[in-house]
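Look at the model first.

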Amino acid sequence: MTGPGRFRLRPGLRTTLSLAFAAMAALVAVLIGALGYHAAARLIRDDEKADFTAAVHSVRDQVGRETLFPGDFNGPSGLNEELLRPIRVTAQSLNPDGVMLPATARFNLPSTTGDRELARSGTPARTLIGLRRLDGDSYRVAVISLGGGRGAVQIVQQLGEVEELLATLRERMAGVVAAVVVTAGGAGWLLARRISGRLVRLTDVAELVAANGRLDVPVPAAGNDEVGRLGRAFDRMLGRLATAKDNQRRLVQDAGHELRTPLTSLRTNLAVLPSLDRLPPAERIALMDDLAEEARELTALVDELVALAAEQKANEEPVDVVLADIVREAAAQARRRTGREITVEADDTVVTARADALARAVGNLLDNAAKFDPAGAAPIDVVVRGPRVEVRDRGPGIDPADLEHVFDRFYRATAARSLPGSGLGLAIVHEVAHSHGGTAFAVNRDGGGAVIGFTLDD
């Protein structure tokens with residue numbers, strides 16, 4: 001599947017993560033490399049400068065203690081070798097005219113006016129320090145007078161070797177940074193491919209569901225990270241949608257089946273209406289009573305279908321309520337409606353629930369008890385203990401074969417087929433209990449009758 005959503009997801013996410021990894025790695029590598037390079041360069045340059053300063057002090061001390069001549073720095077055993085070679089600088093001799101002695105000239109730096117002045121100076125150890133350039137190279141130079149007009153010695157340190165070393169260090173660090181960036185980019189690409197692969201599969205499933213409405217497709221939900229959690233949440237959502245769709249389908253099918261009987265009866269009776277004047281009075285009254293009863297049954301069925309559909313939507317917000325207050329109010333309404341004696345025994349349990357839905361469930365339980373105990377020899381008892389509500393009657397009880405089906409939609413026990421009702425009242429009780437995290441129950445009562453009720457999640 002190559003829809004536009006997938007096209008945007010795959011290159012976009014992978015490229016973004018790869019660039020992000022590469023950018024972060026480049027930033028860190030450049031920062032560390034720059035800090036490392038500057039620290040190393042400073043250390044090397046400081047070390048070289050310290051060597052140069054030590055060489056200058058060494059020669060000045062020697063010149064100050066002894067009477068030296070330019071030739072004393074010539075040859076392999078001269079002062080040049082003894083004083084300067086360990087610290088990597090070079091000494092070059094100047095004659096009294098400031099001319100470099102060829103035997104000692106390594107760099108052959110041209111002498112300046114200051115060099116010639118120091119070479120003719122009568123004071124030993126006078127020093128001139130500065131930077132000079134020759135043929136594109138830089139040199140650190142110190143000229144020290146030998147005194148007595150005998151000449152001078154030139155201490156020279158070539159800086160080009162140090163800069164070449166630092167340039168090599170820069171190149172190697174740049175190579176390391178480039179390698180880190182490439183490696184980080186590759187790692188980011190692999191990680192993005194792993195993450196986006198599951199997202200792409202999840203997107204494929206979502207597009208498939210959106211395209212054809214299928215809710216039974218397998219959802220990739222591997223892993224414990226956010227992608228895995230998203231997959232499991234999406235799978236649960238599809239499951240709930242499938243359940244809701246199945247419930248809707250069954251509700252429509254069952255409702256169509258149940259509506260067919262009263263509608264057929266109504267059509268039959270309506271077909272007789274044109275001949276109403278020719279019917280005997282007794283049959284006319286029976287026909288009108290039948291029409292009224294069928295209309296009431298149809299109205300009750302439609303009302304309960306609407307109530308059941310509304311309960312499935314569950315748009316009412318849960319609030320903290322005293323369960324006994326809801327039960328007492330429902331019992332008062334049932335008394336007025338049925339004329340039956342109803343007793344309520346309740347504690348002060350507070351539950352978080354949808355008050356209207358609970359009132360409808362309790363009302364259905366009371367109507368059911370009144371319907372199956374029409375004689376009314378004993379009161380209907382309602383008991384509330386914690387999050388549990390029981391409605392107890394003294395009717396004929398429930399056939400054991402019917403106990404597991406009493407909460408099914410449109411289920412009518414054999415003994416109840418002649419009684420009014422749609423078979424949805426207890427189904428609504430079950431839906432209310434289930435939507436509150438509880439269950440509905442029905443058992444036969446000792447001594448006759450039934451106990452039907454529900455529990456809520458406390």
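Q: Which residues of α8 meet α9?
A: The model is predicted: local features need pLDDT of at least 70, side-chain atom pairs count only at pLDDT 80 or more, and totals for chains, interfaces and linings use all residues. Residues are numbered from 1 along each chain as its sequence is written, and side-chain values use heavy atoms, without hydrogens and water. Contact means heavy atoms within 4.5 Å. On the α9 side stand G425, L426, I428, V429 and V432; facing them in α8 are A357, L358, R360, A361, N364, L365 and N368.

Q: At what angle do α8 and α9 pack?
A: Two packed helices are described by the angle between their axes and the distance between the axes. Axes are lines fitted to C-alpha atoms, for helices over the stretch in contact, and angles run from 0 to 180 degrees between N-to-C directions. For α8 (residues 355–372) and α9 (residues 425–435), the axes are 9 Å apart and the angle is about 145°.

Q: What is the strand order of the open sheet?
A: Strands are DSSP runs (E, at least two residues), numbered from the N terminus. Two of them pair if DSSP finds at least two bridges between them. The pairing is mixed, and the order is β6-β8-β9-β11-β10.

Q: Which strands does α9 touch?
A: α8 lies across β6, β8, β9 and β11, at about 175° to β11. α9 also packs on the sheet, its direction making about 30° with that of β11; the strands touched are β10 and β11.

How values were computed
Helix = DSSP H or I, 4+ residues; strand = E, 2+ residues; numbered from the N terminus.
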